[in-house]
Amino acid sequence: MDTLILSRIQFGANISFHILFPTITIALGWVLLFFRVRYGQTGDMKWMDAYRFWVKIFALSFAMGVVSGITMSFQFGTNWPGFMETVGNIAGPLLAYEVLTAFFLEAAFIGIMLFGFSRVPGWLHTLATFLVAFGTMLSAFWIIVLNSWMHTPQGFEMIDGVAHATDWGAIIFNPSMPYRFAHMIIASGLTVAFLIAGVSAFRWLLGDRKRDVRMTLKVGVAMAAVLIPVQIFIGDIHGLNTLENQPQKVAAMEGNWETSTNVPLLLFAIPDEEARENRFEVGIPNLASWILTHHADGEVPGLNDFVAEDGTVMHPPVAPVFWSFRIMVGTGLAMLSLSWVAVFLMWRRRHLHQGQIAGHWLAVEGLPKLVLYALVAMAFSGWLATLAGWYTTEIGRQPWLVQGVMTTAQAVADVPAPMVLGTLLTYLAIYAGLIFAYIGVVVYLARKAVIGDTPSFPETPQSPKAIVPALQPGE
Amino acid sequence: MIDLFGDPAIWLPFAFAALMGLSILIYVVLDGFDLGVGILFPMASRVEQDRMIGSIGPFWDANETWLVLAVGLLLVAFPTAHGMILSTLYLPVFIMLIGLILRGVAFEFRAKARSEHKRLWNALFFGGSLATALAQGFMLGLYIMGLDQTPETLAFATLTAVFLAVGYSFIGACWLIFKTEGALQRKAVRWGRESLWGVILGMGAVSLASPFVSTRIFDKWFSWPEALWLSPLPLVSGGLVVALWVLLRRMPFPGDRKAWVPFTLATTLFTLAFGGLAYSFYPYVVPERLTIYEAASAPESLLIILVGACFVVPVIIAYSIFAYAIFRGKATDLRYD
């Protein structure tokens, strides 16, 4: 394999590993703020118990995100010097603003958020939680701005092969940015919703009946049920936006070779790029046309339009985009069914809620074991959908690095292939080990919470001044 | 603004070089002490180790952010230099990144994983800190040698790698003197005394080597009257080393007096050494090959970052000081409540 493909795999591996953790922290920060504010309002210890459990997972995810993010900023230079040399005048300020406005904010206040509860007044601890959540989201905003600009560049002119900014408003609010940003934020919300629901279901199955588990299980499932239809809607309009700006990507997502009307939605196919056709097609007639144009006889672009006269292929590799898209949508549909079924069951048997009948819309007791097991199995489904979605959009941009401006091949560094292979294999080994350790620790923390670590006195609300039980040092 | 400062193609690159220099300096001092604490880690008992983590836990995330800012500024302000330097330093950068990853996550894992695994995460915390320091020292050495890779320059870089790691241990020990008490503080005083030699040898080696690698640097330091203006730099550094030596032989003082002094002196010493290096290499960003003026991005892009930086950097410094102030005083074990 040559340096280009190895560097691409390496960057892909790094950024895939990285995105797993911001996907958790972006939304988990807001959930923690919610817990913190509710504790401040009610003084009920179940909110603080939930905060203290989930803030540990936040801290762990945050650290994973920071260290893998540092790797990204160096790899621009070590592997992709051509990127900054060509579009540095645009990418540079966006990255700089990310570090200056967001990264420092999160990093400075996370110390207070994690370890400051007993050192600072309650309002300051809440404020620190807010600033970390806000910083994380702002960080995502700047990164998405740059990423979206690479898909739908505007507001610049090329002088001697180097991009120069002409209109920062147009650069920041480029056509695909609002859709991509919303899609990513909701994706983070869903990832966290299923993680919270899955971990809480796991604790429930192990016999943990503490009030905070009951609450987080309901919050997780309800959050998922609310967000998933929103995500499907945003995904749809994002797709229409892509159809307008990057038709070759949509053609690859649909596996459609010839521009035509009445295009079926393919449920299964094996795209064959040599023969330029699909094998073993199974599809629903007219549905792709209907989804993309809202008319059964609407025209859907085909991949063959993106082959130059001399045979140069200017569309993305078809199979990875086609399949990533199906994995994302499939996971989304599974999320929809599970969360709605779970909410329905908890609502139907809401009278089972222990102790209090009135005032509770949902009862965890309504969930059969099967649904609880399914929630555990889906705990990390957000990661799968997010990665599949990013693969769809990023592989879908190929062979361009910046759509219409420069190709990926133009940016790669002249590092010997064996060296890249060596570093790539090391990264892969470390990342595999760390993901394994991360999931292991999440499971361990959940188990530990079930047995030891008795939180507040169960079933009795506490005043805010109640003594907070101490955790073990270094926990 | 442009009337005031003349040609933006001149002052903008300078402003960015200054900003980048400031970030690197803050990084070296701040992450220097927490990397140093990591390097000293195996020499402490298990209880002391938790206390050492407590002394850096609330800060390390923000400390590392200065590295991201520094490399970010290099990336955005001097993109050509960023590519040249980082693709030449491919392997040491890789080792540093692996080190940073391992130590950063070990921080969290050692406190949260099951206790049988704590030993593994402690080892990775130490190993990651050491690898990071060595890789940074190696890069510094190669940079001073003009990024050439010959057996001699590699040997020199190996030396600077060791010296920087010892130097970080030194400032780490000074931080521990400031933030801890009792037996651990006494140990830290000893560690500080024992690692001071690394600082002396490292600064000496760099001071001697850089003028001999480049006649340009030699002329900058040893021509009249510049030599006169520059003489306070080595003299004050020498004075600081002597003061540190005397202090570290006598500390700790009763009532914890002057516990903050070694760290302050060490920071001053690092600042002076850094200033000397910056003076030597200006105006080059890639030694003897590329000046900051040749490597700079388009002025309009730099201006938009600078305007933001003028507002934001003071705020960052303010809330960083605030965060340090909240966790002032002797370190305690970290708790989430």
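Predicted model: local features only at pLDDT ≥ 70, side-chain atom pairs only at ≥ 80, totals over all residues.
1. Where does Leu28(A) belong? It is among the residues with the most contacts inside the largest nonpolar core. Trp54(A), Phe83(A), Tyr438(A) and Phe109(B) are also in that group. This core has 234 residues. Note that residues from both chain A and chain B are named here.

2. Now the interface. How many residues of chain B are in contact with chain A? There are 65, and they meet 72 residues of chain A. The area buried between the two chains is about 6400 Å². Carbon and sulfur atoms give 76% of that area.

3. Which parts of chain B touch chain A? Helix H4 (60–77), helix H5 (79–88), helix H6 (90–112) and helix H15 (299–326) of chain B each supply at least two residues to that side. H6(B) gives the most, with 16 residues.

4. By class, the side of chain B that touches chain A has 42 nonpolar residues. The remainder are 12 polar and 11 charged residues.

5. Check the polar links too. Between chain B and chain A, the count of salt bridges is zero. Residue pairs in polar contact number 10, with both partners at pLDDT 80 or more.

Terms used. Residues numbered from 1 in each chain as written. Chains lettered and ligands numbered in written order. Heavy atoms only, no water. Core = buried A, V, L, I, M, F, W, Y, C linked by side-chain atoms within 4.5 Å. Buried < 20%, exposed > 50% of the residue type's maximum accessible area, 1.4 Å probe, protein only. Contact = heavy atoms within 4.5 Å. Buried area = accessible area lost by both parts, 1.4 Å probe. Salt bridge = Lys/Arg side-chain N within 4 Å of Asp/Glu carboxyl O. Polar contact = N/O pair within 3.5 Å; in protein donor to acceptor, adjacent residues only side chain to side chain. Helix = DSSP H or I, 4+ residues; strand = E, 2+ residues; numbered from the N terminus. Nonpolar A, V, L, I, M, F, W, Y, C, P; charged D, E, K, R; others polar.
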